4 protein chains.
Amino acid sequence: MRLRGGATFGGDEIAIAAGPCGVESREQLDTAARAVAAAGANVLRGGAYKPRTSPYSFQGLGEDALKMLRESGDRYGLGVVTEVMDPRDVERVAQYADMLQIGTRNMQNFPLLREVGAMRIPVLLKRGLSATVQEWLLAAEYVLLGGNDNVVLCERGVRSFDQATRNLLDISVVPLLEEMTHLPVIVDPSHAMGIARLVPPIAVASLAAGAHGLLIEVHPDPANALSDGAQSLDCAAFERLMRRLEPVAAFTGRRLPKRYPASPVSDDSAASPDSAVRSSKRGVKLA
Amino acid sequence: MRLRGGATFGGDEIAIAAGPCGVESREQLDTAARAVAAAGANVLRGGAYKPRTSPYSFQGLGEDALKMLRESGDRYGLGVVTEVMDPRDVERVAQYADMLQIGTRNMQNFPLLREVGAMRIPVLLKRGLSATVQEWLLAAEYVLLGGNDNVVLCERGVRSFDQATRNLLDISVVPLLEEMTHLPVIVDPSHAMGIARLVPPIAVASLAAGAHGLLIEVHPDPANALSDGAQSLDCAAFERLMRRLEPVAAFTGRRLPKRYPASPVSDDSAASPDSAVRSSKRGVKLA
Amino acid sequence: MRLRGGATFGGDEIAIAAGPCGVESREQLDTAARAVAAAGANVLRGGAYKPRTSPYSFQGLGEDALKMLRESGDRYGLGVVTEVMDPRDVERVAQYADMLQIGTRNMQNFPLLREVGAMRIPVLLKRGLSATVQEWLLAAEYVLLGGNDNVVLCERGVRSFDQATRNLLDISVVPLLEEMTHLPVIVDPSHAMGIARLVPPIAVASLAAGAHGLLIEVHPDPANALSDGAQSLDCAAFERLMRRLEPVAAFTGRRLPKRYPASPVSDDSAASPDSAVRSSKRGVKLA
Amino acid sequence: MRLRGGATFGGDEIAIAAGPCGVESREQLDTAARAVAAAGANVLRGGAYKPRTSPYSFQGLGEDALKMLRESGDRYGLGVVTEVMDPRDVERVAQYADMLQIGTRNMQNFPLLREVGAMRIPVLLKRGLSATVQEWLLAAEYVLLGGNDNVVLCERGVRSFDQATRNLLDISVVPLLEEMTHLPVIVDPSHAMGIARLVPPIAVASLAAGAHGLLIEVHPDPANALSDGAQSLDCAAFERLMRRLEPVAAFTGRRLPKRYPASPVSDDSAASPDSAVRSSKRGVKLA
């Protein structure tokens with residue numbers, strides 16, 4: 001499956017979706033987007049509509065955030081994935097995003113699944129908080145049944161009795177799903193761990209287990225994030241992680257996405273050969 | 001809190017909501033409704049829109065089922081509670097029902113919670129499959145924040161490692177919530193157990209623990225039910241359960257609803273439901 | 001099954017085992033024993049060998065505590081149940097106790113199970129922290145296979161994802177086990193809840209569900225207990241609980257044990273425990 | 001930490017413990033031992049005393065199995081790890097084994113922990129079925145407190161709500177424990193998965209996450225194993241796994257143990273195990 005922006009899921013190139021938990025401002029998002037693109041991510045993640053346990057927590061910037069995501073995604077040659085919670089928002093979100101995320105709390109929100117199943121845009125289906133593998137696949141079936149076969153599964157940890165990490169990453173699903181379904185599987189170590197310094201080794205392990213991609217929370221200033229700061233990498237840590245992933249990708253016979261772009265010049269000029277290629281190979285796939 | 005139909009939640013009279021998992025036909029529903037009313041239930045439950053793990057399972061009869069629920073509820077002086085899954089359906093369901101059920105899979109469906117929070121109709125908020133008590137109360141907060149303070153909490157068992165019962169009933173929440181919130185708490189032993197013969201003792205225990213009501217699945221022919229047959233009581237078993245509950249209610253200082261109707265005459269009144277029932281003692285509480 | 005001291009498990013009379021988590025001193029234990037006997041308990045519980053998560057926590061007084069348990073049990077006509085953790089201690093503990101408790105951490109300590117299976121003293125087998133019902137029954141089978149068929153099962157809550165209570169009481173096992181085994185089932189609401197004020201309503205619910213008995217932590221001074229103070233009832237609260245249980249017992253067709261002593265005279269008999277008590281109605285049932 | 005046989009835990013060389021779940025016969029064990037040594041394992045695992053959920057399942061060959069383990073271990077230059085369940089068996093098992101395994105059901109068997117804590121032989125402490133990381137470390141503390149600081153932690157999966165795999169491997173503990181304790185951590189993918197074909201990718205992921213070693217079930221004929229056949233690799237699959245692990249070990253900056261023997265000559269030495277092997281490069285490290 002290939003997104004606008006060029007990212008593929010399920011092929012030889014690993015998909016790396018990175019960005020802030022929530023879109024907080026144009027500057028925050030753009031800084032993160034530039035950094036993750038430069039480090040080699042090929043998809044920008046960021047929440048516009050935030051499902052929050054408490055109604056008193058930051059709820060997201062809504063459509064404004066969608067616009068920012070689109071702009072930053074285009075600017076840095078990144079596909080855009082963002083969560084949609086409400087079936088009434090699906091069309092609007094799809095205007096801006098390249099991939100619709102169904103969050104863990106909505107894995108069995110069947111009207112929402114049917115709605116994204118009626119679209120032809122890729123769907124990232126996160127595993128429910130305590131969903132069995134069987135239930136997860138049947139949730140995917142709601143989307144597939146609508147005719148939308150661009151579903152990517154995302155393991156993000158399940159609820160457990162221990163509070164040592166935020167959730168309990170079920171890494172076994174990576175090889176298990178490989179023999180149960182044709183759908184690509186990626187891993188979100190950020191939500192699984194809830195602790196930034198555990199994200200890199202678990203990201204490494206996930207790729208080693210065969211995951212087709214990663215979803216990583218990156219924030220320019222985690223200490224001041226409006227949500228999920230404790231589990232967000234800062235831009236430098238993400239850059240280090242990407243370097244650390246290179247030999248793992250090689251070991252699994254896959255490759256990481258190319259970095260965007262090699263030189264800062266290319267922001268301004270499409271004449272640069274490097275960016276020209278980018279704008280053909282990855283850029284033209286946008287919009 | 002008082003429903004149309006006269007049922008109250010949180011007071012001296014226990015609320016007994018009973019009926020089939022899914023509305024399958026007018027006859028099935030009406031038979032169940034008549035039986036549960038005669039046995040002393042004061043709310044009719046039944047699913048019109050069914051959240052099913054598999055898209056290939058029976059999905060409910062939709063608005064047709066809503067009409068049947070309203071008719072049978074009116075005929076037997078029962079309030080009507082039914083699940084709404086889609087924020088776009090809230091107004092329609094509220095036209096027919098006296099209480100909107102938010103199912104376990106939607107406990108953190110925040111757009112849906114906001115939508116029912118904007119209504120002024122009672123809401124039955126089931127606990128999420130693996131929701132903490134804290135998360136459950138914060139989900140209720142989404143409804144309350146919208147100005148709808150008619151929220152009833154329903155414990156229905158949580159997910160566990162054992163498969164001996166369908167879910168693991170957390171009976172401790174009954175006394176625990178009593179000191180954490182003003183909201184009434186009822187128990188659904190049917191979904192908790194998943195096994196019909198365990199429903200009566202657990203219903204007894206739930207009232208003994210202080211629950212304000214029960215939600216019980218009753219089907220005229222459980223063996224041929226389209227959903228949840230294994231956990232549904234037949235009409236006779238429900239009648240026996242209601243008798244068994246009487247001393248328990250007395251012990252807790254509460255009382256069960258009166259049976260409908262007081263005199264056997266009114267069985268005939270089913271022929272002209274709109275007039276007869278409305279003038280009954282309980283019917284007059286209907287809108 | 002009948003203990004020395006006269007308590008029965010599985011019959012018309014409910015077994016009420018009460019006492020401190022750990023035996024801390026002769027005075028603490030005797031005060032508790034006198035109070036629980038006066039309130040109607042018929043078994044004294046108390047830990048001599050304490051299984052503690054940390055090696056730095058209070059580990060119990062060992063054989064000294066066993067002697068105190070025997071003395072206080074005899075003095076107030078109570079059977080004695082206490083935990084044994086080490087197969088090498090089984091004979092010694094059996095010299096003092098009337099019932100051997102296998103704790104939750106040792107439910108699958110097979111050498112220990114075989115050792116108590118070789119004895120002819122009743123065994124109280126607590127459910128493991130996350131044991132399935134199947135595993136629990138198979139653990140009992142280790143004891144039964146040794147020829148000791150005096151096994152009582154004790155539900156004490158299982159581990160869950162929520163921390164609102166210490167464990168998650170699985171009340172469904174009470175009716176479930178009734179159809180799976182001939183073994184009596186009692187409930188320990190103290191360890192299940194971990195919060196003293198939740199113990200009474202859950203004790204009530206447990207009897208209402210059909211439990212053959214209760215295991216309740218009672219401490220003369222919970223605030224200064226060396227272990228489990230937060231979940232221990234003080235003597236007055238236990239007395240209130242016993243009164244509250246009377247109508248529940250009646251409702252289930254069972255009865256509570258008689259209070260000790262039958263006549264107020266016997267309060268004085270505490271002065272000469274060794275003689276007076278043995279001649280009491282219940283004392284004569286001791287070996 | 002270095003075992004007799006030369007295996008180290010916690011250093012640059014990864015420890016690979018492999019062998020059958022239970023020792024079933026001299027031939028079965030020796031075939032497995034030769035194969036795993038040839039493939040590069042440096043520790044032989046095998047159960048002599050088997051903790052089985054049912055008393056009617058194969059319980060192990062006891063001391064006979066211990067002798068076989070010692071012989072096969074010596075023959076192929078392998079250290080020997082085997083489980084001890086009973087504090088009364090600790091000395092006997094220690095006569096034969098190089099490392100004592102405390103199984104998952106005994107993680108909080110405190111008398112047993114104290115007993116192995118009084119020894120000076122390495123201990124492999126498996127995580128309890130639903131033990132928190134905190135409880136696991138405190139169980140280790142029981143051993144350390146006795147003066148035995150040769151403790152290795154083994155993650156083997158925890159109990160979960162899903163039955164898709166036998167347990168839920170908590171890979172996060174590998175990096176998490178690295179910052180909480182100095183104790184080495186190894187992973188048992190066999191018990192975690194319960195499905196042989198999932199063992200290799202999870203073994204890979206575990207090393208990639210930083211595990212200091214692996215514990216792998218290998219049986220010459222899994223289809224006819226008396227226990228755990230479904231999760232056991234056959235000898236050829238184990239050989240393939242070891243090759244697959246090489247680049248992962250390299251990637252983490254560690255190395256796998258050398259294969260036994262270095263030269264094909266020693267294949268013949270199997271005929272005279274007691275003399276020849278001891279003089280081999282690895283044999284000399286034996287006591």
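The following dialogue treats the reading of several features in a predicted model.

Student: How many helices and strands does chain A have?

Tutor: In this predicted model, chain A contains 10 helices and 8 strands. The radius of gyration of chain A is 17 Å, close to the 19 Å given by the globule rule for 287 residues, so chain A is as compact as a globular protein of that length. The C-alpha trace of chain A spans about 50 × 40 × 40 Å along its principal axes.

Student: What percentage of the residues of chain A count as buried?

Tutor: Of its 287 residues, 69% count as buried. A residue is called buried when its relative accessible area is under 20%. The contacts may be read alongside this. Among contacts in chain A with a separation of 6 or more, 69% are between residues 24 or more positions apart.

Student: What can be said of the surface and the charges of chain A?

Tutor: The accessible surface of chain A is about 9,400 Å², and carbon and sulfur atoms hold 49% of that surface. As for charge, chain A carries 32 positive and 33 negative side chains, with the centres of the two sets 2 Å apart.

Student: Which residues of α5(B) are buried, and against which elements do they pack?

Tutor: The buried set consists of B:Val133, B:Glu135, B:Trp136, B:Leu137, B:Leu138, B:Ala139, B:Ala140, B:Tyr142 and B:Val143. In chain B, these buried residues pack against α4 (110-117), β5 (123-126), β6 (151-155) and α6 (173-178). Just after α5(B), B:Gly147 adopts a positive phi of about 100 degrees.

Student: Which residue other than glycine has a positive phi in chain B, and where does it lie?

Tutor: Most residues other than glycine have a negative phi, and most peptide bonds are trans. B:Asp228 has a positive phi, near 60 degrees. B:Asp228 lies in the loop between β8 (213-217) and α9 (235-251) of chain B.

Student: Is B:Asp228 buried or exposed?

Tutor: B:Asp228 is buried, because its relative accessible area is 18% and the cut-off is under 20%.

Student: What is found for D:Asp228?

Tutor: In D:Asp228, phi is positive and near 60 degrees. D:Asp228 occupies the loop between β8 (213-217) and α9 (235-251) of chain D. With 18% relative accessibility, D:Asp228 counts as buried.

Technical notes: Residues numbered from 1 in each chain as written. Chains lettered and ligands numbered in written order. Predicted model: local features only at pLDDT ≥ 70, side-chain atom pairs only at ≥ 80, totals over all residues. Heavy atoms only, no water. Helix = DSSP H or I, 4+ residues; strand = E, 2+ residues; numbered from the N terminus. Rg over C-alpha atoms; globule rule 2.2 N^0.38 Å. Buried < 20%, exposed > 50% of the residue type's maximum accessible area, 1.4 Å probe, protein only. Contact = heavy atoms within 4.5 Å. Areas by Shrake-Rupley, 256 points an atom, 1.4 Å probe, with all protein chains shown as cover. Lys, Arg positive; Asp, Glu negative; His and termini not counted. Charge placed at Lys NZ, Arg CZ, Asp CG, Glu CD.
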